[in-house]
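This report describes selected features of one protein model.

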Amino acid sequence: MGSPINNRALFPCQEPPVALSTWQASVRAAAGFVVLMSGENSAEPVQLQEGILSWYYYVTMPMPASTFTIAVGCWQEVKQQSFTAANQTNVEFPLPSSQADFRWHEELCSHVEYPCRFRNPAARLQAVIPYRVFAPWCLMECCKEHLLQLIPRCLSAAYTTLGTHPFSRLDVLIVPSNFSSLGMASPHIIFLSQSVLPGGSHLCGTRLCHEIAHAWFGLAIGARDWTEEWISEGFATFLEDIFWARAQQQLSHDEVKGQQELKASLRWRRLRDEVQNSEEELQVLRPKKENTGELSESGASIVKHGLKAEKIFMQVHYLKGYFLLRFLARAVGEASYLASLQKFVQKFHGQLVLSQDFLCMLLEDNPEQKKSGLTVESIFENWLDTSGIPKPLLEEGETWKECRLVQQVSGEVTKWIQTNQRIRKSGKKKRKQDEVVFQKLLPDQLVLLLESLLEEKTLCPRILQCLEKTYQLREQDAEVRHRWCELVVKHKYVPGYGDVEKFLREDQAMGVYLYGELMVNEDVKQQELAHKCFAAAREHMDASSAKVVAEMLF
(Lines give C-alpha, C1' and ligand atoms only; values in the text may rest on other atoms or scores of the structure.)
Protein backbone atom coordinates (compact mmCIF):
# COMPACT_ATOMS: atom_id res chain seq x y z
CA MET A 1 0.00 0.00 0.00
CA GLY A 2 1.05 3.58 -0.53
CA SER A 3 2.46 5.67 2.28
CA PRO A 4 2.37 9.38 3.23
CA ILE A 5 6.15 9.14 3.76
CA ASN A 6 8.56 7.93 1.05
CA ASN A 7 5.78 6.82 -1.31
CA ARG A 8 8.26 7.54 -4.11
CA ALA A 9 9.94 4.25 -3.13
CA LEU A 10 6.86 2.60 -4.69
CA PHE A 11 6.74 4.71 -7.89
CA PRO A 12 7.92 8.20 -8.94
CA CYS A 13 5.47 10.74 -7.51
CA GLN A 14 5.03 13.99 -5.63
CA GLU A 15 4.33 13.15 -1.98
CA PRO A 16 2.54 16.15 -0.39
CA PRO A 17 -1.21 15.48 -0.29
CA VAL A 18 -1.92 18.63 -2.32
CA ALA A 19 -0.30 16.94 -5.35
CA LEU A 20 -3.53 15.19 -6.37
CA SER A 21 -3.43 12.98 -9.46
CA THR A 22 -5.26 10.24 -11.30
CA TRP A 23 -3.48 7.02 -12.32
CA GLN A 24 -3.71 4.07 -14.62
CA ALA A 25 -1.63 0.92 -14.69
CA SER A 26 -1.13 -2.25 -16.68
CA VAL A 27 0.24 -5.11 -14.60
CA ARG A 28 1.66 -8.30 -16.07
CA ALA A 29 1.64 -11.40 -13.89
CA ALA A 30 1.89 -15.18 -14.21
CA ALA A 31 -1.47 -16.80 -14.93
CA GLY A 32 -1.83 -18.22 -11.39
CA PHE A 33 -1.97 -14.77 -9.81
CA VAL A 34 -4.81 -12.34 -9.20
CA VAL A 35 -3.98 -8.60 -9.45
CA LEU A 36 -6.11 -6.17 -7.44
CA MET A 37 -5.62 -2.42 -7.36
CA SER A 38 -7.18 0.85 -6.30
CA GLY A 39 -9.05 1.27 -9.57
CA GLU A 40 -12.66 2.05 -10.41
CA ASN A 41 -12.97 -0.77 -12.94
CA SER A 42 -13.20 -4.48 -12.05
CA ALA A 43 -10.32 -5.50 -14.30
CA GLU A 44 -10.64 -8.64 -16.40
CA PRO A 45 -7.25 -10.17 -17.28
CA VAL A 46 -6.11 -10.35 -20.91
CA GLN A 47 -3.70 -13.08 -22.06
CA LEU A 48 -0.48 -11.58 -23.46
CA GLN A 49 1.28 -14.87 -24.10
CA GLU A 50 1.08 -18.38 -22.74
CA GLY A 51 1.13 -18.25 -18.93
CA ILE A 52 1.20 -14.42 -18.75
CA LEU A 53 -1.85 -12.22 -18.12
CA SER A 54 -2.24 -8.43 -18.17
CA TRP A 55 -4.55 -6.50 -15.82
CA TYR A 56 -5.49 -2.86 -16.47
CA TYR A 57 -6.84 -0.46 -13.80
CA TYR A 58 -7.54 3.28 -13.73
CA VAL A 59 -9.10 6.04 -11.60
CA THR A 60 -10.69 9.32 -12.77
CA MET A 61 -10.88 11.02 -9.36
CA PRO A 62 -7.61 12.84 -8.50
CA MET A 63 -6.24 11.70 -5.12
CA PRO A 64 -2.95 11.85 -3.16
CA ALA A 65 -0.47 9.34 -4.60
CA SER A 66 -0.19 7.67 -1.17
CA THR A 67 -3.73 6.26 -1.54
CA PHE A 68 -2.57 4.03 -4.41
CA THR A 69 -2.63 0.32 -3.52
CA ILE A 70 -1.70 -2.87 -5.36
CA ALA A 71 -2.09 -6.48 -4.26
CA VAL A 72 -0.89 -9.55 -6.17
CA GLY A 73 -1.37 -13.08 -4.90
CA CYS A 74 -2.84 -16.54 -5.35
CA TRP A 75 -6.33 -15.56 -4.21
CA GLN A 76 -9.74 -16.75 -5.28
CA GLU A 77 -12.96 -14.80 -5.49
CA VAL A 78 -15.39 -15.84 -2.76
CA LYS A 79 -18.87 -16.37 -4.17
CA GLN A 80 -22.00 -17.66 -2.54
CA GLN A 81 -24.06 -20.16 -4.50
CA SER A 82 -27.39 -18.84 -3.26
CA PHE A 83 -26.27 -15.25 -3.63
CA THR A 84 -29.27 -13.18 -4.70
CA ALA A 85 -29.08 -10.23 -7.03
CA ALA A 86 -31.07 -8.21 -4.48
CA ASN A 87 -27.93 -7.78 -2.41
CA GLN A 88 -26.25 -5.93 -5.26
CA THR A 89 -29.20 -3.70 -6.18
CA ASN A 90 -30.54 -0.63 -4.50
CA VAL A 91 -34.31 -0.85 -4.68
CA GLU A 92 -35.06 -2.01 -1.15
CA PHE A 93 -32.87 0.39 0.83
CA PRO A 94 -34.09 3.69 2.31
CA LEU A 95 -32.74 7.07 1.32
CA PRO A 96 -30.36 8.54 3.88
CA SER A 97 -32.18 10.65 6.42
CA SER A 98 -31.17 14.05 5.05
CA GLN A 99 -30.42 13.18 1.42
CA ALA A 100 -33.47 15.12 0.24
CA ASP A 101 -32.20 18.28 1.96
CA PHE A 102 -29.15 18.41 -0.29
CA ARG A 103 -30.61 18.34 -3.78
CA TRP A 104 -29.01 21.77 -4.32
CA HIS A 105 -25.54 20.27 -4.18
CA GLU A 106 -25.69 19.23 -7.85
CA GLU A 107 -24.24 22.53 -9.03
CA LEU A 108 -22.08 23.09 -5.98
CA CYS A 109 -19.22 20.56 -6.16
CA SER A 110 -16.11 22.57 -5.22
CA HIS A 111 -13.46 20.06 -6.29
CA VAL A 112 -11.44 19.89 -9.53
CA GLU A 113 -13.41 18.50 -12.45
CA TYR A 114 -13.89 14.71 -12.57
CA PRO A 115 -16.91 12.38 -13.11
CA CYS A 116 -18.36 12.88 -9.60
CA ARG A 117 -20.86 10.38 -8.18
CA PHE A 118 -22.44 13.09 -6.04
CA ARG A 119 -23.79 14.66 -9.26
CA ASN A 120 -24.97 11.35 -10.71
CA PRO A 121 -28.69 10.67 -9.92
CA ALA A 122 -28.29 6.87 -10.25
CA ALA A 123 -25.22 6.85 -7.98
CA ARG A 124 -27.06 8.95 -5.39
CA LEU A 125 -29.68 6.19 -5.05
CA GLN A 126 -27.18 3.32 -4.83
CA ALA A 127 -27.25 2.05 -1.23
CA VAL A 128 -25.02 -0.96 -1.94
CA ILE A 129 -22.25 -0.57 -4.51
CA PRO A 130 -21.05 -3.70 -6.40
CA TYR A 131 -18.49 -5.63 -4.33
CA ARG A 132 -16.24 -8.68 -4.55
CA VAL A 133 -14.34 -10.65 -1.88
CA PHE A 134 -10.94 -12.30 -2.45
CA ALA A 135 -9.19 -14.70 -0.07
CA PRO A 136 -6.79 -17.66 -0.05
CA TRP A 137 -8.65 -20.94 -0.61
CA CYS A 138 -8.11 -22.02 3.04
CA LEU A 139 -10.26 -19.09 4.25
CA MET A 140 -13.03 -19.31 1.63
CA GLU A 141 -15.56 -21.02 3.89
CA CYS A 142 -14.83 -18.63 6.76
CA CYS A 143 -15.53 -15.67 4.42
CA LYS A 144 -18.76 -17.24 3.18
CA GLU A 145 -19.93 -17.79 6.76
CA HIS A 146 -19.72 -14.16 7.93
CA LEU A 147 -18.07 -11.65 5.62
CA LEU A 148 -20.26 -12.01 2.52
CA GLN A 149 -23.42 -11.36 4.56
CA LEU A 150 -21.88 -8.41 6.39
CA ILE A 151 -20.72 -6.34 3.41
CA PRO A 152 -24.15 -5.31 1.98
CA ARG A 153 -25.47 -4.56 5.48
CA CYS A 154 -22.47 -2.38 6.35
CA LEU A 155 -22.50 -0.58 2.99
CA SER A 156 -26.23 0.12 3.35
CA ALA A 157 -25.75 1.40 6.92
CA ALA A 158 -23.02 3.77 5.69
CA TYR A 159 -25.28 5.06 2.90
CA THR A 160 -28.17 5.64 5.31
CA THR A 161 -25.82 7.67 7.53
CA LEU A 162 -23.77 9.70 5.03
CA GLY A 163 -25.46 9.45 1.64
CA THR A 164 -23.83 8.84 -1.74
CA HIS A 165 -20.95 6.33 -1.83
CA PRO A 166 -17.92 8.27 -3.13
CA PHE A 167 -16.56 5.22 -5.02
CA SER A 168 -18.35 3.09 -7.59
CA ARG A 169 -17.30 -0.38 -6.40
CA LEU A 170 -15.45 -2.25 -3.65
CA ASP A 171 -13.06 -5.19 -3.48
CA VAL A 172 -12.39 -6.70 -0.04
CA LEU A 173 -9.16 -8.69 0.21
CA ILE A 174 -8.23 -10.93 3.15
CA VAL A 175 -4.52 -10.30 3.73
CA PRO A 176 -2.02 -12.61 5.50
CA SER A 177 -1.09 -12.63 9.19
CA ASN A 178 2.03 -10.48 8.66
CA PHE A 179 -0.04 -7.46 7.56
CA SER A 180 0.66 -4.64 10.03
CA SER A 181 -2.94 -3.70 10.95
CA LEU A 182 -6.43 -5.19 11.17
CA GLY A 183 -7.59 -3.24 8.13
CA MET A 184 -6.60 -0.69 5.52
CA ALA A 185 -8.85 1.31 3.21
CA SER A 186 -7.82 2.57 -0.22
CA PRO A 187 -9.95 3.80 -3.13
CA HIS A 188 -12.15 0.89 -4.30
CA ILE A 189 -10.36 -1.69 -2.14
CA ILE A 190 -10.20 -2.67 1.53
CA PHE A 191 -7.58 -4.97 3.05
CA LEU A 192 -8.89 -6.94 6.04
CA SER A 193 -6.53 -8.97 8.21
CA GLN A 194 -7.29 -12.68 8.50
CA SER A 195 -7.35 -12.00 12.27
CA VAL A 196 -10.85 -10.45 12.02
CA LEU A 197 -12.46 -13.65 10.70
CA PRO A 198 -12.46 -16.13 13.65
CA GLY A 199 -14.78 -15.81 16.64
CA GLY A 200 -18.10 -14.68 15.13
CA SER A 201 -19.12 -11.59 13.19
CA HIS A 202 -18.54 -8.83 15.78
CA LEU A 203 -14.87 -7.95 15.16
CA CYS A 204 -15.21 -8.52 11.42
CA GLY A 205 -18.31 -6.30 11.24
CA THR A 206 -16.94 -3.43 13.33
CA ARG A 207 -13.63 -3.40 11.44
CA LEU A 208 -15.42 -3.51 8.09
CA CYS A 209 -17.57 -0.54 9.17
CA HIS A 210 -14.42 1.37 10.18
CA GLU A 211 -12.76 0.81 6.81
CA ILE A 212 -15.94 1.62 4.86
CA ALA A 213 -16.12 4.94 6.77
CA HIS A 214 -12.71 5.83 5.31
CA ALA A 215 -14.29 6.05 1.83
CA TRP A 216 -15.72 9.37 3.04
CA PHE A 217 -13.20 10.40 5.71
CA GLY A 218 -9.64 9.72 4.61
CA LEU A 219 -10.20 9.17 0.88
CA ALA A 220 -13.02 11.32 -0.60
CA ILE A 221 -12.14 13.94 2.03
CA GLY A 222 -8.46 13.94 2.99
CA ALA A 223 -6.31 15.86 5.46
CA ARG A 224 -4.46 18.75 3.80
CA ASP A 225 -1.69 18.25 6.36
CA TRP A 226 -0.60 14.64 7.04
CA THR A 227 -0.09 15.43 10.74
CA GLU A 228 -3.88 15.83 11.11
CA GLU A 229 -4.56 12.12 10.73
CA TRP A 230 -7.25 12.38 13.42
CA ILE A 231 -9.54 13.77 10.69
CA SER A 232 -9.42 10.36 9.04
CA GLU A 233 -9.11 8.01 12.03
CA GLY A 234 -11.23 9.90 14.57
CA PHE A 235 -14.17 10.13 12.16
CA ALA A 236 -13.85 6.48 11.08
CA THR A 237 -13.81 5.33 14.73
CA PHE A 238 -16.85 7.45 15.60
CA LEU A 239 -18.79 6.36 12.50
CA GLU A 240 -17.88 2.69 12.98
CA ASP A 241 -20.26 2.56 15.96
CA ILE A 242 -23.13 4.24 14.08
CA PHE A 243 -22.71 2.04 10.98
CA TRP A 244 -22.45 -1.15 13.06
CA ALA A 245 -25.57 -0.33 15.10
CA ARG A 246 -27.53 0.12 11.85
CA ALA A 247 -25.95 -2.93 10.17
CA GLN A 248 -27.10 -5.21 13.02
CA GLN A 249 -30.71 -4.18 12.26
CA GLN A 250 -33.67 -4.16 14.65
CA LEU A 251 -31.64 -3.16 17.72
CA SER A 252 -33.63 -1.11 20.21
CA HIS A 253 -32.49 2.42 21.12
CA ASP A 254 -31.35 1.12 24.54
CA GLU A 255 -29.35 -1.73 22.97
CA VAL A 256 -27.58 0.68 20.62
CA LYS A 257 -26.82 3.11 23.45
CA GLY A 258 -25.57 0.23 25.64
CA GLN A 259 -23.18 -1.07 22.96
CA GLN A 260 -21.84 2.43 22.29
CA GLU A 261 -21.30 3.22 25.98
CA LEU A 262 -19.49 -0.13 26.40
CA LYS A 263 -17.22 0.82 23.48
CA ALA A 264 -16.62 4.25 25.05
CA SER A 265 -15.57 2.50 28.27
CA LEU A 266 -13.03 0.31 26.43
CA ARG A 267 -11.67 3.26 24.44
CA TRP A 268 -11.34 5.37 27.57
CA ARG A 269 -9.19 2.63 29.17
CA ARG A 270 -7.03 2.43 26.03
CA LEU A 271 -6.58 6.20 25.87
CA ARG A 272 -5.71 6.39 29.57
CA ASP A 273 -3.10 3.62 29.19
CA GLU A 274 -1.60 5.13 26.05
CA VAL A 275 -1.30 8.59 27.58
CA GLN A 276 0.54 7.07 30.56
CA ASN A 277 2.91 5.01 28.40
CA SER A 278 3.86 7.18 25.42
CA GLU A 279 5.87 10.32 24.66
CA GLU A 280 3.85 13.47 25.34
CA GLU A 281 4.63 15.08 22.00
CA LEU A 282 3.17 12.07 20.16
CA GLN A 283 -0.17 12.59 21.97
CA VAL A 284 -0.90 15.95 20.29
CA LEU A 285 -3.43 15.70 17.44
CA ARG A 286 -2.34 18.96 15.77
CA PRO A 287 1.42 18.96 16.43
CA LYS A 288 2.12 21.94 14.11
CA LYS A 289 -0.64 23.99 15.79
CA GLU A 290 -1.21 27.34 13.99
CA ASN A 291 1.31 26.33 11.26
CA THR A 292 -0.79 23.28 10.28
CA GLY A 293 -1.28 23.13 6.51
CA GLU A 294 1.45 25.67 5.74
CA LEU A 295 4.24 24.88 3.27
CA SER A 296 7.82 26.10 3.50
CA GLU A 297 9.14 28.63 0.96
CA SER A 298 10.44 25.78 -1.20
CA GLY A 299 6.96 24.22 -1.29
CA ALA A 300 8.02 21.30 0.89
CA SER A 301 5.71 20.05 3.64
CA ILE A 302 7.09 18.48 6.80
CA VAL A 303 5.36 15.53 8.47
CA LYS A 304 6.27 15.94 12.14
CA HIS A 305 7.20 12.58 13.80
CA GLY A 306 6.54 10.92 10.43
CA LEU A 307 9.43 8.44 10.68
CA LYS A 308 8.96 7.32 14.30
CA ALA A 309 8.44 3.55 14.03
CA GLU A 310 6.43 3.33 17.26
CA LYS A 311 3.94 5.98 16.08
CA ILE A 312 2.14 3.59 13.75
CA PHE A 313 1.21 1.41 16.75
CA MET A 314 -0.27 4.33 18.67
CA GLN A 315 -4.02 4.83 18.77
CA VAL A 316 -4.16 8.30 20.27
CA HIS A 317 -5.39 9.96 17.04
CA TYR A 318 -8.16 7.35 16.78
CA LEU A 319 -9.16 7.68 20.44
CA LYS A 320 -8.87 11.40 21.16
CA GLY A 321 -10.44 12.09 17.77
CA TYR A 322 -13.33 9.75 18.60
CA PHE A 323 -13.90 11.33 22.04
CA LEU A 324 -13.85 14.85 20.53
CA LEU A 325 -16.52 13.87 17.97
CA ARG A 326 -18.55 12.09 20.66
CA PHE A 327 -18.33 15.23 22.83
CA LEU A 328 -19.51 17.42 19.92
CA ALA A 329 -22.37 15.01 19.04
CA ARG A 330 -23.58 15.12 22.65
CA ALA A 331 -23.28 18.93 22.72
CA VAL A 332 -25.35 19.59 19.58
CA GLY A 333 -27.55 16.47 19.62
CA GLU A 334 -27.05 13.40 17.44
CA ALA A 335 -29.62 14.32 14.73
CA SER A 336 -28.15 17.82 14.20
CA TYR A 337 -24.66 16.38 14.32
CA LEU A 338 -25.32 13.74 11.63
CA ALA A 339 -27.05 16.37 9.44
CA SER A 340 -23.90 18.53 9.72
CA LEU A 341 -21.73 15.52 8.81
CA GLN A 342 -23.79 14.94 5.65
CA LYS A 343 -23.57 18.61 4.76
CA PHE A 344 -19.80 18.54 5.31
CA VAL A 345 -19.46 15.52 2.99
CA GLN A 346 -21.55 17.26 0.31
CA LYS A 347 -19.44 20.42 0.49
CA PHE A 348 -15.93 19.01 0.86
CA HIS A 349 -15.87 15.66 -1.02
CA GLY A 350 -13.01 15.52 -3.50
CA GLN A 351 -11.01 18.04 -1.44
CA LEU A 352 -8.39 18.27 1.30
CA VAL A 353 -9.37 19.88 4.59
CA LEU A 354 -8.01 21.16 7.90
CA SER A 355 -9.65 20.64 11.31
CA GLN A 356 -11.18 24.12 11.32
CA ASP A 357 -13.13 23.44 8.09
CA PHE A 358 -15.29 20.91 9.93
CA LEU A 359 -15.40 22.73 13.27
CA CYS A 360 -16.42 26.07 11.72
CA MET A 361 -19.24 24.46 9.74
CA LEU A 362 -20.55 22.55 12.77
CA LEU A 363 -20.56 25.66 14.97
CA GLU A 364 -22.17 27.78 12.23
CA ASP A 365 -24.95 25.18 11.94
CA ASN A 366 -25.37 25.21 15.73
CA PRO A 367 -24.84 28.87 16.77
CA GLU A 368 -26.29 28.32 20.28
CA GLN A 369 -23.06 26.46 21.18
CA LYS A 370 -21.02 29.68 21.05
CA LYS A 371 -23.09 31.03 23.94
CA SER A 372 -22.00 28.09 26.07
CA GLY A 373 -18.35 28.85 25.29
CA LEU A 374 -17.75 26.20 22.60
CA THR A 375 -15.52 27.83 19.96
CA VAL A 376 -12.96 26.61 17.42
CA GLU A 377 -10.24 28.15 19.63
CA SER A 378 -11.44 26.34 22.77
CA ILE A 379 -11.57 23.02 20.84
CA PHE A 380 -7.99 23.56 19.61
CA GLU A 381 -6.84 24.41 23.12
CA ASN A 382 -8.61 21.58 24.95
CA TRP A 383 -8.56 18.77 22.41
CA LEU A 384 -6.18 19.17 19.48
CA ASP A 385 -3.14 21.19 20.59
CA THR A 386 -2.32 19.56 23.93
CA SER A 387 -1.05 16.19 25.15
CA GLY A 388 -2.73 14.05 27.79
CA ILE A 389 -6.43 13.43 28.44
CA PRO A 390 -8.53 16.37 27.16
CA LYS A 391 -9.89 18.54 29.99
CA PRO A 392 -13.60 18.31 28.94
CA LEU A 393 -13.31 14.50 28.91
CA LEU A 394 -12.00 14.48 32.48
CA GLU A 395 -14.74 16.89 33.55
CA GLU A 396 -17.45 14.75 31.96
CA GLY A 397 -16.52 11.86 34.24
CA GLU A 398 -16.82 8.22 33.27
CA THR A 399 -20.55 8.35 32.47
CA TRP A 400 -20.36 4.95 30.73
CA LYS A 401 -19.93 3.29 34.13
CA GLU A 402 -23.71 3.68 34.58
CA CYS A 403 -24.36 1.60 31.43
CA ARG A 404 -26.07 -1.77 32.10
CA LEU A 405 -23.58 -3.74 29.97
CA VAL A 406 -20.64 -2.23 31.87
CA GLN A 407 -22.30 -2.82 35.25
CA GLN A 408 -22.98 -6.42 34.27
CA VAL A 409 -19.24 -6.89 33.66
CA SER A 410 -18.43 -5.29 37.03
CA GLY A 411 -20.68 -7.86 38.70
CA GLU A 412 -18.91 -10.72 36.90
CA VAL A 413 -15.46 -9.32 37.79
CA THR A 414 -16.47 -9.30 41.47
CA LYS A 415 -17.56 -12.97 41.24
CA TRP A 416 -14.23 -13.99 39.70
CA ILE A 417 -12.21 -12.07 42.31
CA GLN A 418 -14.21 -13.64 45.16
CA THR A 419 -13.83 -17.13 43.66
CA ASN A 420 -10.09 -16.53 43.30
CA GLN A 421 -9.83 -15.51 46.96
CA ARG A 422 -11.76 -18.59 48.08
CA ILE A 423 -9.56 -20.94 46.04
CA ARG A 424 -6.38 -19.31 47.41
CA LYS A 425 -7.64 -19.56 51.00
CA SER A 426 -8.66 -23.20 50.64
CA GLY A 427 -5.21 -24.07 49.29
CA LYS A 428 -5.02 -27.41 47.53
CA LYS A 429 -8.26 -28.75 48.99
CA LYS A 430 -10.77 -29.15 46.19
CA ARG A 431 -14.00 -27.36 46.85
CA LYS A 432 -17.12 -27.33 44.80
CA GLN A 433 -17.12 -24.25 42.64
CA ASP A 434 -20.37 -24.97 40.87
CA GLU A 435 -22.39 -22.65 43.12
CA VAL A 436 -21.02 -19.68 41.11
CA VAL A 437 -23.05 -19.01 37.97
CA PHE A 438 -21.36 -16.78 35.42
CA GLN A 439 -23.41 -14.89 32.86
CA LYS A 440 -22.97 -15.09 29.09
CA LEU A 441 -21.13 -11.98 27.84
CA LEU A 442 -20.84 -10.12 24.52
CA PRO A 443 -17.34 -9.97 22.89
CA ASP A 444 -16.74 -6.36 24.04
CA GLN A 445 -17.90 -7.32 27.54
CA LEU A 446 -15.37 -10.17 27.55
CA VAL A 447 -12.62 -7.70 26.59
CA LEU A 448 -13.65 -5.44 29.50
CA LEU A 449 -13.81 -8.41 31.89
CA LEU A 450 -10.31 -9.61 31.00
CA GLU A 451 -8.89 -6.07 31.13
CA SER A 452 -10.40 -5.64 34.61
CA LEU A 453 -8.94 -8.97 35.76
CA LEU A 454 -5.54 -7.88 34.40
CA GLU A 455 -5.54 -5.26 37.16
CA GLU A 456 -5.57 -8.01 39.82
CA LYS A 457 -2.18 -8.72 41.34
CA THR A 458 -2.57 -12.51 41.39
CA LEU A 459 -4.96 -14.97 39.82
CA CYS A 460 -4.35 -18.63 40.63
CA PRO A 461 -3.92 -21.21 37.83
CA ARG A 462 -7.28 -22.84 38.59
CA ILE A 463 -9.07 -19.52 38.04
CA LEU A 464 -7.31 -19.03 34.70
CA GLN A 465 -8.23 -22.57 33.67
CA CYS A 466 -11.84 -21.95 34.73
CA LEU A 467 -11.92 -18.58 32.90
CA GLU A 468 -10.80 -20.15 29.63
CA LYS A 469 -13.31 -22.99 29.96
CA THR A 470 -16.27 -20.78 30.99
CA TYR A 471 -15.99 -18.39 28.04
CA GLN A 472 -14.26 -20.71 25.51
CA LEU A 473 -11.58 -18.02 25.18
CA ARG A 474 -9.57 -19.90 22.54
CA GLU A 475 -12.62 -19.73 20.23
CA GLN A 476 -13.23 -16.00 20.70
CA ASP A 477 -12.22 -13.13 18.39
CA ALA A 478 -8.70 -11.70 18.28
CA GLU A 479 -9.45 -8.77 20.64
CA VAL A 480 -10.58 -11.21 23.35
CA ARG A 481 -7.73 -13.67 22.72
CA HIS A 482 -5.24 -10.80 22.94
CA ARG A 483 -6.41 -9.98 26.49
CA TRP A 484 -6.34 -13.70 27.37
CA CYS A 485 -2.70 -13.88 26.20
CA GLU A 486 -1.86 -10.86 28.38
CA LEU A 487 -3.34 -12.66 31.40
CA VAL A 488 -1.35 -15.81 30.54
CA VAL A 489 1.89 -13.82 30.36
CA LYS A 490 1.25 -11.75 33.50
CA HIS A 491 0.50 -14.81 35.66
CA LYS A 492 3.06 -17.12 33.98
CA TYR A 493 0.28 -19.60 33.21
CA VAL A 494 2.31 -22.25 31.39
CA PRO A 495 -0.71 -24.20 29.95
CA GLY A 496 -1.57 -21.01 28.03
CA TYR A 497 1.85 -20.49 26.41
CA GLY A 498 0.68 -22.35 23.30
CA ASP A 499 -2.09 -19.75 22.93
CA VAL A 500 0.49 -16.94 23.12
CA GLU A 501 2.70 -18.62 20.50
CA LYS A 502 -0.28 -19.14 18.18
CA PHE A 503 -1.35 -15.50 18.65
CA LEU A 504 2.12 -14.13 17.87
CA ARG A 505 2.27 -16.29 14.75
CA GLU A 506 -1.25 -15.77 13.39
CA ASP A 507 -2.24 -12.31 14.70
CA GLN A 508 0.86 -10.24 14.05
CA ALA A 509 -1.14 -7.03 13.60
CA MET A 510 -2.01 -7.14 17.31
CA GLY A 511 0.87 -9.01 18.94
CA VAL A 512 3.70 -6.47 18.88
CA TYR A 513 3.43 -5.38 22.52
CA LEU A 514 2.99 -8.97 23.75
CA TYR A 515 6.69 -9.39 22.95
CA GLY A 516 7.48 -6.57 25.37
CA GLU A 517 5.33 -8.17 28.07
CA LEU A 518 7.11 -11.52 27.59
CA MET A 519 10.47 -9.79 28.04
CA VAL A 520 9.63 -7.49 30.95
CA ASN A 521 8.75 -10.33 33.37
CA GLU A 522 12.39 -11.51 33.20
CA ASP A 523 11.16 -15.09 33.14
CA VAL A 524 13.47 -17.45 31.21
CA LYS A 525 10.64 -19.52 29.66
CA GLN A 526 8.78 -16.41 28.54
CA GLN A 527 11.89 -14.81 27.04
CA GLU A 528 12.68 -18.03 25.19
CA LEU A 529 9.12 -18.02 23.84
CA ALA A 530 9.51 -14.41 22.63
CA HIS A 531 12.79 -15.17 20.84
CA LYS A 532 11.41 -18.38 19.32
CA CYS A 533 8.31 -16.63 17.93
CA PHE A 534 10.28 -13.67 16.59
CA ALA A 535 12.85 -15.94 14.89
CA ALA A 536 10.02 -17.79 13.13
CA ALA A 537 8.13 -14.65 12.05
CA ARG A 538 10.87 -12.07 11.48
CA GLU A 539 11.59 -12.85 7.82
CA HIS A 540 7.96 -12.22 6.81
CA MET A 541 7.18 -9.49 9.32
CA ASP A 542 6.20 -5.93 8.46
CA ALA A 543 9.40 -3.83 8.62
CA SER A 544 8.18 -1.35 11.27
CA SER A 545 6.82 -4.17 13.46
CA ALA A 546 10.10 -6.10 13.19
CA LYS A 547 12.08 -2.98 14.14
CA VAL A 548 9.96 -2.28 17.24
CA VAL A 549 10.06 -5.96 18.36
CA ALA A 550 13.83 -6.22 17.79
CA GLU A 551 14.34 -3.20 20.08
CA MET A 552 12.30 -4.99 22.79
CA LEU A 553 14.22 -8.26 22.44
CA PHE A 554 17.81 -7.21 21.89
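## Second largest pocket

On a 1 Å grid over the protein atoms alone, a pocket is an open set of points with protein on both sides within 12 Å along at least five of seven lines, and its lining residues have an atom within 4 Å of a point. The structure is a predicted model, in which local features need pLDDT of at least 70 and side-chain atom pairs count only at pLDDT 80 or more, while totals for chains, interfaces and linings use all residues. Residues are numbered from 1 along each chain as its sequence is written, and side-chain values use heavy atoms, with hydrogens and water left out.

The second largest pocket is lined by 15 residues, and those nearest its centre are Val 256, Lys 257, Gln 260, Glu 261 and Glu 334. The space in this pocket is about 440 Å³, a volume being the space filled by probe spheres set on grid points that are joined across faces, edges and corners. Helices α4 (230–248), α5 (253–276) and α6 (316–332) each contribute at least two lining residues; helices (H or I, at least four residues) and strands (E, at least two) are DSSP runs, numbered from the N terminus. By class, the lining comprises seven charged, six nonpolar and two polar residues, where Asp, Glu, Lys and Arg count as charged, Ala, Val, Leu, Ile, Met, Phe, Trp, Tyr, Cys and Pro as nonpolar, and the others, Gly among them, as polar.

Strand β9 (residues 131–135) is largely enclosed by the rest of the structure, because five of its five residues are buried (under 20% relative accessible area, 1.4 Å probe, protein chains only). Tyr 131, Val 133 and Ala 135 cover one side, and Arg 132 and Phe 134 the other. In a regular strand the side chains alternate between the two faces of the sheet.

Strands pair if DSSP finds at least two bridges between them. Strand β8 (residues 76–77) runs antiparallel to β9 and is joined to it by two bridges, with Glu 77 partnered by Phe 134. Strand β10 (residues 170–175) pairs with β9 in the parallel sense over four bridges, and Leu 173 of β10 stands opposite Phe 134. Between β9 and β10 the chain passes through helix α2 (residues 140–162), in a left-handed β-α-β crossover. A crossover is right-handed if, with the strands pointing away from the viewer, the path from the first strand over the helix to the second runs clockwise.

## Cysteines

The whole structure contains zero disulfides, defined as pairs of cysteine sulfur atoms within 2.5 Å. For Cys 116, the nearest cysteine sulfur is that of Cys 109, 3.9 Å away; Cys 116 is buried at 8% relative accessibility.

Cys 460 is also buried, at 14% relative accessibility. The closest cysteine sulfur to that of Cys 460 lies in Cys 466, at 9.4 Å, too far for a bond.

Technical notes
Buried < 20%, exposed > 50% of the residue type's maximum accessible area, 1.4 Å probe, protein only. 1 Å grid on protein atoms, 1.4 Å probe; cavity = no way out; pocket = protein on both sides within 12 Å on 5 of 7 lines; lining within 4 Å.
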